[in-house]
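Here's a quick briefing to keep beside the model while you click through it. Take a look at the fold, then read on.

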Amino acid sequence: MTTVGEFMTTRLVTMDGNDTLTAAAQEMRDKAIGDVVVTDGDNVVGIVTDRDITVRGVAENLDPNTTLLNQITSKDVVTVSQYDDAVAAADLMRTYAVRRLPVIDDGRLIGLISMGDLAVEREPQSVLADISADDPNN
């Protein structure tokens, strides 16, 4: 069995739900990532992606300088353990129609597993794996 912990990413960026969309977009740009994990103290409360900022924020005419992450965060967060089976993690993504799952250990965020991570591990010849394995182009 291949576990989530074998290939999850630990290069995480977390932000408070009271941070602005602009601050999150700048973090994503500066770190060459497409998402931030939204936290309240040590608790994971959601994930915001670059697409969320665009579709739920900008496209809805929300001011990115004053709109808070809490206003657009996907809050029904499904999490996994580093010891969970990778196939089961993929099934959770399919069931809940999400592309990323926070990895929690003893209530603490320790990583993130994405569809791209799973593709690189499970289907290395796929287009998604090829794109996910490349360096960012931004």
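Start in the middle: the largest nonpolar core has 13 residues, and the members that touch the most others are Val 4, Met 8, Val 80, Leu 101, Val 103, Ile 113 and Leu 118. A nonpolar core here is a set of buried Ala, Val, Leu, Ile, Met, Phe, Trp, Tyr and Cys residues joined through side-chain atoms within 4.5 Å; buried means under 20% relative accessible area, exposed over 50%, with partly exposed in between (1.4 Å probe, protein chains only). This is a predicted model, where local features need pLDDT of at least 70 and side-chain atom pairs count only at pLDDT 80 or more, while totals for chains, interfaces and linings use all residues. Residues are numbered from 1 along each chain as its sequence is written, and side-chain values use heavy atoms, leaving out hydrogens and water.

- (Helices are DSSP runs of H or I, at least four residues, and strands are runs of E, at least two, numbered from the N terminus.)
- Another core, of 12 residues, lies apart from this one, and Ile 33, Val 36, Ile 53 and Ile 72 are among its members.

**Helix α1**
- In α1 (residues 21-31), the buried residues are Leu 21, Ala 24 and Met 28.
- These residues sit on the same side of α1, because they cover an arc of only 65 degrees around the axis (the arc is that of the directions from the helix axis to the C-beta atoms).
- Exposed Arg 29 and Asp 30 are on the face turned away from the buried side of α1.
- The buried residues of α1 pack against β1 (14-16), β2 (35-40), β3 (43-49) and α2, with contact meaning heavy atoms within 4.5 Å.
- Just after α1 comes Ala 32, with a positive phi of about 55 degrees.

**The three-stranded sheet**
- An open sheet of 3 strands runs in the order β1-β2-β3, with mixed pairing; strands pair if DSSP finds at least two bridges between them.
- β1 and β3 are the edge strands with a single partner each, so one side of each has no neighbour in the sheet.
- β1 and β2 pair in the parallel sense over 3 bridges, and Thr 14 has Val 37 in β2 as its bridge partner.

**Thr 73**
- Look for Thr 73 in the loop between α2 (50-57) and α3 (86-96).
- Thr 73 is buried, at a relative accessible area of 9%.
- Leaving out residues up to four places away in sequence, Thr 73 touches Val 38, Val 45, Gly 46, Ile 47, Val 48 and Arg 56.
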